[in-house]
Amino acid sequence: MALLTYLDAIRLAMLEEMQRDPRVFVLGQDVGAYGGAFRVTAGFLETFGEGRVIDTPISESAIVGAAIGAALMGMRPIAEMQFIDFISLAFDQLVNYAAKSRYRWGAGVPIVVRGPCGGGVHGGPYHSQNPESYFMNVPGLKIVAPATPTDAKGLMTSAIRDPDPVLYLEHKFLYRRVKEDVPDGEVLVPIGKARIARPGSHLSIVSYAAMLHVALEAAEAAAAEGIDVEVLDLRTLLPLDEEAILTTAAKTGKVIVLHEATRTGGPGGEIVALIAEGAFESLDAPVVRLAPPDTPVPYAPPLEEYFLPNAQSVGKAIRALYDY
Amino acid sequence: MRRLGRVPYADALDLQARLVAERQSGAIPDTLLLLEHEPVLTLGRNARRENVLIPEPALRERGIAVFETGRGGDVTYHGPGQVVGYPIVELPPGRRDVHRYVRDLEEVMIRACADLGVVAGRIPGLTGAWVGHQKVGAIGVRIARWVTSHGFALNVSPDLSPFDLIVPCGIRDKGVTSLERLLGGPVPVDRVLPRLADHFAAVFERQAQDAPVAPLGGAR
Amino acid sequence: MTDVIMPQMGESIAEGTVTKWMKAVGDTVERDEPLFEISTDKVDAEIPAPASGILTEIRVQPGTTVSINTVVAVIGAAAAASAAPPAPAPQPPSPVVPAPPAAAPPAPNPAVPTAAPVSAPAAAPVAPPPAPAAPRPPAPATLPARPTPPALAAPALVPAPVAPAAVPAPPPIAPPAAQAAPVVPPPPAPPAARDDARPQADMSVDELRQTRSSPVVRRIAAEHNVDLNAVTGTGISGRVTKQDILTHLEGRTASAPPAADVPAPAALGATAVAPAVPVVAPYRPGERVEIIPMSPIRKRTAEHMVLSKRISAHVSTVWEVDMTRVDHLRQKYRQAYQERSNVKLTYLPFIVKATIDALKAIPVLNSSVEGESIVFKKDIHMGLAVALDWGLIVPVVRNAEEKNLLGIAKAVNDLAERARTKKLKVDEVQGGTFTITNPGVFGSLFGTPIINQPQVAILGIGTIEKRPVVRDDAIAIRSMAYLSLTFDHRIVDGSDADRFMAHVKKGLQEFDENAL
């Protein structure tokens with residue numbers, strides 16, 4: 001067991017895989033000499049050399065395109081988007097090449113595209129986004145979003161070993177704020193499986209990434225009022241763990257879907273639809289979505305605070321849903 | 001400040017209601033009414049009927065009226081010889097604390113007693129001005145948008161026997177006394193009124209000005 | 001939407017008591033108009049409304065004391081369309097966004113025709129009177145009528161906005177089951193016409209909730225053949241929630257298991273104290289009453305008494321005991337006890353001693369019931385009920401079987417004194433195995449006391465007075481007392497009870513002077 005931050009866990013997973021498998025290499029802006037904008041790849045250049053830790057030009061489409069090419073040649077690249085916000089520049093490569101390659105040519109593209117997402121750090125509109133929605137509608141991709149160090153390590157390892165493209169969303173707010181004991185050695189968390197972070201009986205909150213911790217905080221506060229909240233950590237967004245979602249919905253009959261991506265077109269709609277289709281007869285109340293309003297992430301701190309869901313706003317929703 | 005002499009309770013209630021509205025709209029300045037009442041038992045919002053120990057018809061036979069009021073507190077008696085003060089003041093933002101207001105009214109009565117040689121004080125948890133375990137001054141207040149009405153009553157030289165008919169303020173085991181009884185001799189109300197006025201002004205940091213006595217009752 | 005809160009009337013003031021509402025739910029209020037009155041001990045204050053609108057909800061009834069800043073009522077927007085921005089809402093804004101099917105429009109708003117753009121504040125010229133009856137939602141072809149979704153900012157799941165006379169949200173602390181008991185104001189839209197024959201498109205949201213509730217509730221009702229009209233609803237709009245119907249089913253089958261007073265989580269079927277109890281309104285509107293909230297000790301006593309009756313099979317038996325000998329011994333030794341040990345020698349120590357001896361002889365009276373077992377208690381911790389001004393408490397003499405009469409007398413004196421002066425420790429009022437109570441002190445001949453759970457018996461002592469009795473075919477005057485034993489017939493049979501009482505009677509009538 002080692003006490004690791006979320007960031008350490010990601011670094012350690014990559015390190016261990018690069019040691020285990022010589023095909024694994026890292027590329028991205030400032031990942032080599034600088035060690036990564038957030039220091040995730042600190043020490044990698046020294047350990048693995050220029051051949052496996054590549055500082056790239058500022059061109060996300062080149063980064064992902066090169067990774068796809070390398071993967072088609074048998075390598076296992078981990079491509080970093082310095083801020084996941086910039087993934088929009090690599091959209092075509094990901095969606096039209098990486099995602100469809102196996103379907104179109106029978107050739108899998110085992111790349112991991114990883115980058116820091118999320119707000120709460122006064123980063124403003126271009127450094128705080130959550131892009132999962134754009135990619136959930138792309139068959140052929142997988143998307144993971146861990147909330148804890150153990151899941152961060154386990155999902156990175158699974159992502160690297162996956163034979164198909166995986167989008168790995170690491171939430172920057174959690175980098176150094178979340179620490180936990182992570183088992184030594186190989187940690188494998190399966191892609192596509194959610195986890196009950198807190199069992200409960202009165203209502204459920206389905207969430208992931210930084211909002212998972214907000215959900216847990218609100219659940220603790222609600223417990224003091226006698227409301228027993230179950231919290232489901234999705235961990236993977238594509239494919240969604242439909243069984244886990246329906247199980248918790250059927251158990252409590254009252255569900256809040258909480259995410260940091262903005263409301264309209266966010267992952268919540270998909271989850272609510274699944275529940276309506278699959279757990280309708282068990283519902284004791286309408287399913288509620290909690291998400292920030294449809295605006296770019298504000299820069300001014302008071303506005304960003306207003307924008308993001310927090311334990312108080314979640315608490316209000318919990319009480320309202322409980323009373324329904 | 002207005003000295004009203006002896007006033008029936010109902011008239012005083014009407015007057016206060018009018019003055020509160022006028023004070024709220026700013027038509028009049030802070031006003032202190034000083035008066036005495038015809039014999040009456042009044043019941044506050046928290047009053048319990050069992051604290052009136054004899055039935056109403058018997059009370060009326062003795063010439064004592066009974067009133068239910070909108071002030072706080074339980075039951076008490078007012079009568080000639082007891083000076084009643086009704087401050088109709090708007091508590092300024094720095095003084096918007098009902099506990100403080102009540103304590104200030106106690107202070108006014110305590111200081112007035114001191115002037116006459118009676119050492120009165122407070123009992124924690126029991127509102128009023130106390131000498132030992134006997135109450136010499138009572139308080140019951142109403143507040144609407146921080147404008148006060150009702151107020152305090154100091155037993156100068158009233159007939160204390162009607163107090164035996166009630167459990168004053170719902171407090172059992174504690175007696176009621178008056179300045180006259182404590183000093184062992186008659187105390188004219190007119191001696192006490194100016195003391196109360198002066199101390200009120202001091203405690204509430206004002207200057208008292210006598211206002212002409214407005215006619216009571218009737219439409220005005 | 002504006003929350004009306006209990007104001008802080010002074011720095012050191014932490015709570016206030018609502019004494020009177022000047023407005024009723026559904027009334028229009030103007031800002032600064034007197035809305036309700038509160039009191040602290042000597043001061044009554046009139047509190048003005050913080051905003052104009054319709055009083056949509058009263059959450060705190062007169063006579064209730066709440067902490068400052070507690071929301072006591074809610075004022076809804078008056079005439080504006082659903083998109084009107086909420087009144088000065090001090091809290092952080094709600095990203096609470098309802099899924100469209102569930103959205104309830106704020107109070108008196110009839111559905112603005114579907115096209116109402118969500119972001120246009122108060123654009124709609126529609127200014128309806130505060131109509132408590134059904135706002136007619138637009139009726140899409142096949143789906144049950146659903147009102148248009150409100151503006152983003154409107155927290156739609158708050159129970160308040162539904163209709164003017166909304167049901168105050170039950171406090172989340174107790175499980176919904178226990179809330180079936182308190183008086184719940186009638187649901188807003190009159191539920192009288194819960195007529196499922198009407199087309200859903202014609203029903204208001206309230207009516208839909210009351211008649212159709214939610215999918216899971218309908219399913220359970222269908223499975224168990226339950227008429228939703230017969231079930232008390234504690235949910236929004238007075239609807240039957242999942243917990244309500246489960247509780248109802250529980251009550252229908254077995255009687256509720258004797259549960260602790262800790263509210264159980266609403267797991268399937270886990271309802272604790274109160275299965276849905278029909279409510280009889282304690283007073284009618286307009287009746288002259290004074291409502292005084294129960295003190296904590298009164299509440300606890302109330303709960304315990306009712307609970308005890310539900311748990312045990314209460315039977316009482318009354319015995320007449322000749323206390324003349326005890327009286328005689330008491331007189332003889334009273335002074336000595338006072339002088340030597342500064343202990344007041346009353347009747348009670350004698351009775352306690354005789355009871356202890358009887359408990360040793362018939363131990364089932366000193367036991368408890370656990371499930372299907374009898375738990376015999378090896379030690380006798382004697383509870384003595386004391387009536388104080390502020391309520392009833394039962395201090396306990398621990399290991400009373402080890403004490404002699406002097407020890408018992410001392411313990412009794414000490415506990416009574418400390419009970420009166422509120423100096424008892426928590427563990428001194430817990431853990432009793434048998435209780436003695438004294439209804440006779442107020443003059444009662446004998447009582448039928450309620451067992452103090454988890455014990456199985458309680459002895460009541462009637463008044464001790466001189467009466468004519470027959471001795472040797474002649475009339476004699478003796479000090480007599482009726483002793484009544486209430487016992488739990490689940491494990492104590494009449495024969496046990498009578499043997500016990502015979503033992504007590506003998507112990508008192510032939511009290512051993514050497515014990516003194």
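A nonpolar core is a set of buried Ala, Val, Leu, Ile, Met, Phe, Trp, Tyr and Cys residues joined through C-beta atoms within 7 Å. The legends below describe close-up views of a predicted model.

Figure 1. Chain A contains 12 helices and 14 strands. Of the 324 residues in chain A, 58% are buried. Contacts in chain A between residues at least 6 apart in sequence join residues at least 24 apart in 79% of cases. Chain B has 5 helices and 11 strands, and buried residues account for 42% of its 220 residues. In chain B, 77% of the contacts with a separation of 6 or more are between residues 24 or more positions apart. Chain C has 9 helices and 20 strands, with 41% of its 516 residues buried. For chain C, 67% of the contacts with a separation of 6 or more involve residues 24 or more positions apart.

**Figure 2. The largest nonpolar core and the surroundings of Ile143(A).** The largest nonpolar core holds 121 residues, and those touching the most other members are Ile143(A), Tyr168(A), Ala215(A), Ile256(A), Ile318(A) and Leu321(A). Helix α8 of chain A (residues 210-224) supplies the largest share of this core, with 9 residues. Another core, of 69 residues, lies apart from it; among its members are Val7(B), Leu32(B), Val147(B) and Phe36(C). In soluble globular proteins, nonpolar side chains tend to be buried together. With neighbours within four places in sequence left aside, the contacts of Ile143(A) are Glu132(A), Phe135(A), Met136(A), Leu167(A), Leu169(A), Thr236(A), Leu237(A) and Leu238(A).

**Figure 3. Packing of helices α3 and α4 in chain A.** Helix α3 (residues 60-72) and helix α4 (residues 91-98) of chain A pack with their axes 8 Å apart, at an angle of about 25 degrees. Because angles under 35 degrees count as roughly parallel, α3(A) is described as roughly parallel to α4(A). On the α3(A) side the contact involves Ser61(A), Val64(A), Gly65(A) and Ile68(A), and these meet Asp92(A), Gln93(A), Leu94(A), Tyr97(A) and Ala98(A) in α4(A). By class, the residues of this contact are 5 nonpolar, 3 polar and 1 charged.

**Figure 4. An open three-stranded sheet in chain B.** The 3 strands of this sheet are ordered β4-β3-β5 in chain B, and their pairing is mixed. Strands β4 (65-68) and β5 (75-78) of chain B are at the edges; each has a single partner strand, so one side of each has no neighbour in the sheet. From one strand to the next, the twist averages 25 degrees. Strand β3 of chain B (residues 40-43) pairs with β4(B) in the parallel sense, over 4 bridges. Opposite Phe67(B) in β4(B) stands Thr42(B). Strands of a sheet pair through backbone hydrogen bonds, either parallel or antiparallel.

**Figure 5. Strand β4 of chain C and its two antiparallel pairings.** In strand β4 of chain C (residues 34-40), 6 of the 7 residues are buried, so the strand is largely enclosed by the rest of the structure. Strand β2 of chain C (residues 15-21) runs antiparallel to β4(C) and is joined to it by 4 bridges. In this pairing Lys20(C) stands opposite Glu37(C) of β4(C). Strand β5 of chain C (residues 43-48) is also antiparallel to β4(C), with 6 bridges joining the two. Here Thr40(C) stands opposite Val43(C) of β5(C).

**Figure 6. Surroundings of Met382(C).** Met382(C) belongs to strand β13 of chain C (residues 382-384). Met382(C) counts as buried because 28 C-beta neighbours lie inside 10 Å, the cut-off being 20 or more. Val397(C) is 15 residues away from Met382(C) along the chain, and their C-alpha atoms are separated by 5.0 Å.

Figure 7. Helix α2 of chain C (residues 205-212) is mostly covered, with 6 of its 8 residues buried. The buried residues in α2(C) are Val205(C), Asp206(C), Glu207(C), Arg209(C), Gln210(C) and Thr211(C).

Notes
Residues numbered from 1 in each chain as written. Chains lettered and ligands numbered in written order. Predicted model: local features only at pLDDT ≥ 70, side-chain atom pairs only at ≥ 80, totals over all residues. Buried ≥ 20, exposed ≤ 12 C-beta atoms within 10 Å, placed from the backbone. Contact = placed C-beta atoms within 7 Å. Pairing = 2+ DSSP bridges. Axes fitted to C-alpha atoms, helices over the stretch in contact; angles between N-to-C directions. Parallel < 35°, antiparallel > 145°, perpendicular 65-115°, else oblique. Nonpolar A, V, L, I, M, F, W, Y, C, P; charged D, E, K, R; others polar.
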